[in-house]
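Here are some notes to read alongside the model, written as numbered points. I hope they are handy when you open the coordinates.

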Amino acid sequence: MTNEREPLPEADRHAPGEGAAGKAVILGIGGQDGFYLERLLRARGYAVLGVARSGPWRRVELGDFEAVAAFIQAERPALIFHLAAAST
């Protein structure tokens, strides 16, 4: 693993279909934990979809239950990690 905080290239971040192990969603992928969790999941064969407030990730308003539910139903991930939190 590297210490670089650069997101993965677009083709790797939003790979079509599912990885060998399935699809994982990380809510709050833009932080340090999301950064390392993404790499761990990819190494284990998951296609990873990230949601963050800023950066090149997908944006879903996490305070809007229906928006989150629609996102999850559309993506149908095998795993969901909720790391998102308010920051100062």
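1. Tyr 36 has a relative accessible area of 28%, so Tyr 36 counts as partly exposed. The cut-offs are these: buried is under 20% relative accessible area, exposed is over 50%, and partly exposed is in between, with a 1.4 Å probe and protein chains only. Phe 35 is buried, at 5% relative accessibility. Together, Phe 35 and Tyr 36 form an edge-to-face aromatic pair, 4.8 Å centre to centre with 90 degrees between the planes. The structure holds 1 aromatic pair. Rings of Phe, Tyr and Trp (its six-membered ring) pair if their centres lie within 6.5 Å; planes under 30 degrees apart count as stacked, over 60 as edge-to-face, and the rest as tilted.

2. A word on the ground rules: this is a predicted model, in which local features need pLDDT of at least 70 and side-chain atom pairs count only at pLDDT 80 or more, while totals for chains, interfaces and linings use all residues. Residues are numbered from 1 along each chain as its sequence is written, and side-chain values use heavy atoms, with hydrogens and water left out.

3. The predictor's confidence in each residue, pLDDT, runs from 0 to 100. Its mean over the chain is 84, and 78% of the residues reach 70 or more. Over residues 10-16 the pLDDT is below 50, and this stretch has 12 contacts in the model beyond near neighbours in sequence; contact means heavy atoms within 4.5 Å. Where pLDDT is low, the predicted coordinates should not be read in detail.

4. Now for helix α3, which spans residues 65-75 and has Val 68, Phe 71, Ile 72 and Glu 75 buried. Seen down the helix axis, these buried residues fall within an arc of 95 degrees, so they line one face of α3. That arc is taken from the directions from the helix axis to the C-beta atoms. Helices (H or I, at least four residues) and strands (E, at least two) are DSSP runs, numbered from the N terminus.

5. What covers the buried residues of α3? The cover includes β1 (22-27), β2 (46-51) and β3 (79-82). On the face turned away from the buried side, α3 carries the exposed residues Glu 66, Gln 73 and Ala 74.

6. Both ends of α3 deserve a look. At its start, a side-chain oxygen of Asp 64 comes to within 3.1 Å of the backbone nitrogen of Glu 66. After the helix comes Arg 76, with a positive phi near 50 degrees.

7. Glu 75 forms a salt bridge with Lys 23, with the closest N and O atoms 3.1 Å apart. Glu 75 lies in helix α3 and Lys 23 in strand β1, so this pair ties together parts that are 52 residues apart in sequence. A salt bridge here is a side-chain nitrogen of Lys or Arg within 4 Å of a carboxyl oxygen of Asp or Glu.

8. Arg 58 also meets Glu 75 in a salt bridge, at 2.8 Å from N to O. Arg 58 sits in the loop between β2 and α3, 17 residues from Glu 75.

9. The structure holds 4 salt bridges. Among them is the pair Arg 39 and Glu 38, with the closest N and O atoms 2.9 Å apart; both residues are buried.

Conventions. A polar contact is a pair of N or O atoms within 3.5 Å; within protein, one must be able to donate a hydrogen and the other to accept it, and residues adjacent in sequence count only if both atoms are side-chain atoms.
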